[in-house]
Amino acid sequence: MVFEQGARPYGKIEDGLPRWHEKLRAKEYKKINENLGNDQVIFVPKTQIGNDLTWAELHGDIGLSAVVLANGAWRDRALPIDGADAYDGRGLVYQNEFVYWFNHYEDAGYDGPTFEVPDGTIVVGGGLASIDVVKIVNLELYARALRARGIEIDIVDMEIKGIPRTLETHGITAEELGVEGCTLYYRRRKEDMPLASADNPTPEQLTKLQRARVKIMDRVIRKYFVKFEELSRPLETLADGDRLSGIRFQKTEVVDGRVRGLEGTEFDVHAPMVISSIGSIPRPIDGIPTKGELYYYDSWDTGEVHGLPGVFGLGNVLTGKGNIRDSRANAIEIIEKVVAAYLGVGEEPDESPGSATAEAAAVAEQAAAGEPMTVDALKALAARIDARHEAVGYTAFDNWINAHT
């Protein structure tokens, strides 16, 4: 049984992965459809745990033998400036909402958040998601500038070709368009960006990783006209009335792997929009214990949740990471190609089994050890699901698949 908060079961593959990843998205959709189309699976859409269905009902009243939390990392980490969230929606934008808008604003009947991307937008980040965000900003800006000259551009096509090549095709230079573009501010160095990683790398491996990170980011800068400011951390907000008008940054240094601010190096950056892209974490659910930003786990190998026998976390809700890279094998020899392809500056890689497969197997083994549901519990659950399906206008998964794919 799968309780899904959205109308469709694709999660961040649909809503958090930028829409230019068409081949990867189609492949993942097919896998999900095959799994949920199994006769043994009951799919319940538009049902958010903690809202439409309380944790007490799910874990206690229904009588399930095991619960696996695979609800992902949907909550943005707050911009680390006191009082910054007061400007949310007034000059400050968070990445999850922004990428969701980009993926869906052309959909018929779209009624979600809307954004008019202004030139000179800045992004605070440094990870894979922030690279997606700066690419979205510049692709939108250059598409709009070309449209103003009567040239219609497909953004997905421009992402594949890159902005310089697209402009060259139409005989226009970047200088002619006069687009300022987007700047990414990162508190560490380019070689520290989590674009390629490995567990406990040797000094030789670390050197290779650092070179790969620099190479990948340099390609992004060239292909999408992104500006990059390293060793800069957000310190204070700048405001114009009730709107955020920019960020005061402080220069930093990295000493023994730690970021240290440098007194007297503060500088102001004024911007019409600030996008915070510093990571995603699980949404809190009343009844599930937390430890810091994540749920509280007794075991990081099986995802056993503290104090809740038969409850396990899996995937992004366990790791607190909201990108697909961390579900792939990250061997040093192939990581540059894997991440470069994800960012649109390399070849598309094949999916390869990694730690996520072993993690899933461990959770499944633990969950299967639970006691089966009683007949009375099964009848009560069936009645509840029928009522929920009726409430959301849902009949059967086969009908749903036919209507939405």
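Analyst: A residue counts as buried when its relative accessible area is under 20%, as exposed when it is over 50%, and as partly exposed in between. The model is predicted. The part to look at is helix H4, which covers residues 95–104.

Helix H4 is mostly covered, with eight of its ten residues buried. Those buried residues are Gln 95, Asn 96, Phe 98, Val 99, Trp 101, Phe 102, Asn 103 and His 104.

Part of the setting of H4 is a sheet. The helix lies across strands E5 and E13, and runs at about 75° to E5. The sheet itself is open and has five strands, in the order E5-E13-E6-E7-E8, with parallel pairing. Strand E5 (92–94) and strand E8 (227–229) are the edge strands; each has a single partner strand, so one side of each is left without a neighbour in the sheet. On average, neighbouring strands of this sheet are turned by 25° against each other, direction ignored. Strand E13, which H4 also lies across, takes up residues 274–276 and is joined by three bridges to strand E6, residues 122–124. These two strands run parallel, and the bridge partner of Val 123 in E13 is Ile 275.

Counting ring pairs over the model gives twelve aromatic pairs. One of them is formed by Tyr 10 and Tyr 29: their ring centres are 3.8 Å apart and their planes stand at 20°, so the pair is stacked. This pair links distant parts of the chain, as Tyr 10 is in the loop between strand E1 (2–3) and helix H1 (11–15), while Tyr 29 is 19 residues away in helix H2 (residues 22–36). Tyr 10 counts as buried because its relative accessibility is 2%. Tyr 29, at 16%, counts as buried too.

Helix H5 (residues 128–147) packs with helix H9 (residues 203–224) at an angle of about 10°, and their axes are 11 Å apart. An angle under 35 degrees counts as roughly parallel, which makes H5 roughly parallel to H9. In this contact Ile 131, Lys 135, Asn 138 and Leu 139 of H5 meet Met 217, Val 220 and Tyr 224 of H9. By type, the residues of the contact are five nonpolar, one polar and one charged.

Two backbone angles deserve a note. Most residues other than glycine have a negative phi. Phe 225, in the loop between H9 and E8, has a positive phi near 55°. Its relative accessibility is 27%, so Phe 225 counts as partly exposed. Lys 46 also has a positive phi, of about 50°, although it is not a glycine. This residue is in the loop between strand E2 (43–44) and helix H3 (55–61), and at 39% relative accessibility Lys 46 counts as partly exposed.

Conventions: Residues numbered from 1 in each chain as written. Predicted model: local features only at pLDDT ≥ 70, side-chain atom pairs only at ≥ 80, totals over all residues. Heavy atoms only, no water. Pairing = 2+ DSSP bridges. Helix = DSSP H or I, 4+ residues; strand = E, 2+ residues; numbered from the N terminus. Axes fitted to C-alpha atoms, helices over the stretch in contact; angles between N-to-C directions. Contact = heavy atoms within 4.5 Å. Parallel < 35°, antiparallel > 145°, perpendicular 65-115°, else oblique. Nonpolar A, V, L, I, M, F, W, Y, C, P; charged D, E, K, R; others polar. Phe/Tyr/Trp six-rings, centres within 6.5 Å; stacked < 30°, edge-to-face > 60°. Buried < 20%, exposed > 50% of the residue type's maximum accessible area, 1.4 Å probe, protein only.
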